[in-house]
Amino acid sequence: MKPIYLSPPHLSGLEAQFLQEALESGWIAPLGPQVEAFEREFAEAVGAKHALALSSGTAAIHLALILAGVGPGDEVVVSTLTFAASAFPVLYLGAKPVFVDSERVSWNMDPALLADFLERRAKKGKLPKAVVLVHLYGQSADIDPIRNLCQEYGVALIEDAAEALGSTYKGKSPGVFGLAGIFSFNGNKIITTSGGGMLVSEDGGLIAHARKLATQAREPVPWYEHREVGYNYRMSNLLAALGRAQLRTLEDRVQARRAIFQRYVEALAHVPGLSFQPEAPWGRHTRWLTVMLVDEAAFGLGPEEIRRALEERGIETRPVWKPLHLQPVFRGAETLGGEVAEEFFRTGLCLPSGSSLTREEQERVIEAILRLAGL
Ligand SMILES: *Cc1c(COP(=O)(O)O)cnc(C)c1O
């Protein structure tokens with residue numbers, strides 16, 4: 001039987017036309033009119049003033065941290081329940097991550113833990129340089145209290161909205177509330193350029209500086225002059241053409257993923273031991289991934305046993321992100337709380353959620369789970 005993947009790329013049908021245009025224009029380069037158009041259209045879609053298309057979301061986080069002034073020995077607060085790419089760039093800069101546990105409403109950074117930490121650190125005169133706030137699985141964190149804390153203590157707020165394009169917080173897209181926000185167009189994200197990312201900011205100067213750093217930090221003179229360390233982080237014109245085609249379908253993709261989530265809930269939420277990630281009252285969850293929680297005692301099997309049983313039937317599922325404070329590469333990092341994220345990791349399972357998942361395929365997933373439940 002055809003395998004069912006967790007979140008495969010979903011073509012809109014417009015890609016070939018946009019790519020063809022880009023090819024015929026002769027701009028087979030990093031830069032070009034497609035990049036400029038993609039940046040403009042993306043900024044408009046998320047309600048940001050400025051946007052910079054990059055080679056990855058990770059590159060966008062790296063540049064945001066540099067522009068927040070993060071350097072060796074500085075501390076950067078990061079959500080612990082996330083993909084490692086949220087925190088790897090902290091290590092690139094020789095800085096130290098401080099991990100913060102999740103709350104139970106959205107599963108994102110707990111503002112109370114951050115408040116307590118910043119208050120203690122302010123007394124010591126040793127504040128972190130930045131906060132990387134992650135919006136996980138398509139749902140915004142509770143941004144206002146975290147933004148207020150960052151403003152009060154003068155700490156830069158960087159939003160990792162890699163998984164949250166299309167979601168809202170009080171009617172606005174996450175990513176536009178702090179110093180900078182980042183998005184990802186990796187193959188499994190809600191829209192994709194096969195690989196790529198975007199940095200957004202209200203600050204045009206910041207984006208201009210990021211643009212220069214991402215282009216090998218060339219100074220604006222005819223010869224190659226460099227006064228800062230640069231990076232090769234720009235998005236190619238061809239991939240930007242893909243991005244423009246994908247962006248046009250964003251709202252459809254959100255609706256499709258939300259409908260998939262709804263069908264899982266209708267079919268499975270009544271099963272003893274199964275429940276689903278809640279939708280916080282402050283905004284719209286895109287359900288980029290549907291995450292199911294498994295109470296092993298009530299269901300009879302744990303999430304890992306379910307994962308293996310589904311794998312045998314050609315169905316790909318995945319554990320919830322392993323919290324970063326448990327990852328060997330971040331060993332020794334200070335951690336505020338951690339038990340909530342550990343519980344989600346222990347009990348959670350991400351179900352196939354791609355917007356191209358057919359009803360028949362989803363039925364196969366649901367039936368397989370019901371059978372494991374003995375129903
Ligand atoms: C995918 C992802 C990233 C990294 O994006 P890339 O484009 O793959 O570099 C960062 N943070 C989170 C939370 C992600 O899911």
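Which polar side-chain atom lies 3.1 Å from an oxygen atom of the ligand? It belongs to Asn186, in a predicted model whose local features need pLDDT of at least 70, whose side-chain atom pairs count only at pLDDT 80 or more, and whose totals for chains, interfaces and linings use all residues. Residues are numbered from 1 along each chain as its sequence is written, and side-chain values use heavy atoms, with hydrogens and water left out.

**Ligand surroundings**

The ligand is surrounded by 15 residues, counted when one of their heavy atoms lies within 4 Å of it; the closest are Thr58, Asp160, Glu163, Ser184 and Lys189. By class, this shell holds four nonpolar, eight polar and three charged residues, where Asp, Glu, Lys and Arg count as charged, Ala, Val, Leu, Ile, Met, Phe, Trp, Tyr, Cys and Pro as nonpolar, and the others, Gly among them, as polar. Polar contacts, which are pairs of N or O atoms within 3.5 Å, include the following.

| Residue | Protein atom | Distance to a ligand oxygen atom |
|---|---|---|
| Gly57 | backbone N or O | 2.8 Å |
| Asn186 | polar side-chain atom | 3.1 Å |
| Lys189 | polar side-chain atom | 3.3 Å |

Of the 380 Å² of accessible area that the ligand has on its own, the protein covers 94%, as computed by the Shrake-Rupley method with a 1.4 Å probe.

**Arg287**

Arg287 is placed in the loop between β8 (274-276) and β9 (290-294), the strands being DSSP runs (E) of at least two residues, numbered from the N terminus. Because its relative accessible area is 4%, Arg287 is classed as buried, a term for values under 20% with a 1.4 Å probe and protein chains only. Arg287 and Gly138 are 149 residues apart in sequence, while their C-alpha atoms are 5.4 Å apart in space.

How values were computed
A polar contact is a pair of N or O atoms within 3.5 Å; within protein, one must be able to donate a hydrogen and the other to accept it, and residues adjacent in sequence count only if both atoms are side-chain atoms. Helices (H or I, at least four residues) and strands (E, at least two) are DSSP runs, numbered from the N terminus. Buried means under 20% relative accessible area, exposed over 50%, partly exposed in between (1.4 Å probe, protein chains only).
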